[in-house]
Structure formats: C-alpha cells, structure tokens
Amino acid sequence: MKVKASAPGKIILFGEHAVVYGEPALALAVNKRSFCEISSSSSETTVNGYPIQEEYHSYILECLNRVGIDDDLKIETESELPSGAGMGSSAAISVSTLGCLRKLAENEVTEEQIAEDAFNVEFEVQGNASPIDTSTSTHGSAIMVSEEKEEDFLWEIGKKEKRWNIHHRPIPDVKFVIGDTGVHSPTAPLVKKVKRFYEKNNFAKEIVEDIGRIVRKGSSHLESGDIERVGELMDENQRLLSILGVSHPKLERLIKGARKYSYGAKLTGAGGGGSMIALTDQPEKVAEVIERRGGKPYILNSTEMGLSFGE
Ligand code: MEV
C-alpha cells in the first residue's frame, strides 16, 4: 500500500486577513508544490523518519484526526515551498496529506471534500482561518472567495455562522514577482493578532470592510484588463494591511523598491515577514531590486494543477 499526492502553493492578490471575516479574496495557485507519500509502517506513525509530534507536525496530526485512520503510517513529505513565507506551504502540505489519507480510507476522493477537510485542519491549528489557501491548493487555477454565490461556483464552506462561496476563475494574463523577506512568519500568530484587533475595535472592522471593497474593484479591473488600476488597488490594499498591523519593515523595503518598476505591490499571505508580490511587466528588473534589498525573488507562474495523485 502506497499513495502519493501533491498540491500547489498560492499567492493572494487581494483580501488576506479580511477574508477570515467574510470579505472576498482572490488567489492564484503557483507552480511550486508540496509532495506527500504515505505507506504502512510496522511500528509507529512517523513523519520523514521521526515519530509524529504535535510540536513539529501539527497540520499532519490534525489531518490524521480528521480522517480518523488509526493504523501506523509512514508519512514522507517534501516541499518546494518555503515555510512561513506567505506562499501557502501549510495548506499545500495539508491538502496533499489529506489527499493521500482519503485515498487510503475511502479510495473515492472529491475536491470539495479535501477542500473542506483542509480548511478545518487550518482552522483547528490556526485557531481561525478562511478557506482561501486550502481551496486554491485543492483546485488550482485562480480562486475567488465571496459571500455571494457567483458565476463558476465550486463549493461552499461554512464554520459557525460564517459561509464562504468558492469560485473558479481563469488564470489572469499578468506577470508577478514574489519577494521573500526571509523573515519566517507562521500564519497562526498573525491571524490571532488581527482577531484581537478586530474584536476590540470598530476601526479594525472598517479597515476589513474597506479591504473587501478593494477586492471587488480589483477583481473586476483584473477581468477587464485594466492592469494600472489593479496595481493601484494592490498599493491601497497594502496600506490597509499595514494599518491592521501585519506588515514588517523588511516587507515595506522590498515593496518600496519593487514599486519603481511595477504597477503595484503588496504583502501576500499572512504578512509579519513572509513575502510580498509585485505586479509588473519588468519581472527581471523587479527581481534585481528585491535581491539588492536583501530579499529572495521568485518569478513564479500560475498553474491550473491543483491536488494531483501519483508522481
Ligand atoms: C494566509 O495565507 C491568509 C490569511 O487570510 C489567513 C486565512 O485566510 O486563513 C491571513
């Protein structure tokens, strides 16, 4: 018995953090992936040769709880995605692991079930979450999350009183450069930080709603090909994210540098370090500036390939 699966990372174009509170968001799957291989183990459950432990393997442990497999397993994971860099490595690990586990438990696997499982895994580990990262990693292409049901609806994900409608979107014909600050920044503490601000402060609630308005405008300008306007809205989204307290001096430094050759730039993912993203038609120039300013540039492509089984 051996199952293999892989799932892509993602970049968020608009709407991170606000999406946790029901506002819309838009993300793209990228051509860097996490891989998982699961086979039976004769002794205990291991991850990459080590006994599974809450401290190091919280997402994988939660995947096992979710699917409810009691057998001892040998779990091997590998990732092309840097962890804590805003590129969705934990979602990709969860989606590829759940793909393997569901295949082992039931053989029949649907995207909707994996997306729902993976969202619940992130929610448990992070203490709060939206389905944007996990649905993008499961489905691939571009994903629009919104409160209303729109064209190309895929599935609905709900938690407590909240409902998110997940929609397929085609990959937009635009170029991006990612800049990793190298500041490791796991998602959970940032989601918790914004939650504290949001729950205590009406001003934070207004910022979250303003981000929602930017996402709606940004996605319609992206569809109509008004790239300059998309870039301006990315800048505006960044301004609001920094008011929410999730930017970082190193992010600001890379964003400032990249803007000289870009339509717009903002942090992507949870922030607090991690990565920024620039929309540009001069990717090499932007990559050079990012490198000069101490970041690690990635010129990534979007991918239609979500969760996939086999090699
Ligand atoms: C992290 O990639 C995106 C956040 O909005 C968290 C989430 O949606 O679960 C910060």
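By class, the shell around the ligand has seven nonpolar, four polar and three charged residues, where Ala, Val, Leu, Ile, Met, Phe, Trp, Tyr, Cys and Pro count as nonpolar, Asp, Glu, Lys and Arg as charged, and the others, Gly among them, as polar. Bear in mind that this is a predicted model, with local features needing pLDDT of at least 70, side-chain atom pairs pLDDT 80 or more, and totals for chains, interfaces and linings using all residues. Numbering starts from 1 along each chain as its sequence is written, and side-chain values use heavy atoms, leaving out hydrogens and water.

So who is around the ligand? There are 14 residues, each with a heavy atom within 4 Å of it. The closest are Lys10, His17, Ala129, Ser130 and Asp133.

Now the polar contacts, meaning pairs of N or O atoms within 3.5 Å. Asp133 places a polar side-chain atom 2.7 Å from a ligand oxygen. For Lys10, a polar side-chain atom is 2.9 Å from an oxygen atom of the ligand. His17 uses a backbone N or O atom instead, 2.8 Å from a ligand oxygen.

And where does the ligand lie? Domain 1 (2-171) and domain 2 (175-301) both give residues to the shell, so the ligand lies between them; those bounds come from an automatic or database domain assignment.

Notes
A polar contact is a pair of N or O atoms within 3.5 Å; within protein, one must be able to donate a hydrogen and the other to accept it, and residues adjacent in sequence count only if both atoms are side-chain atoms.
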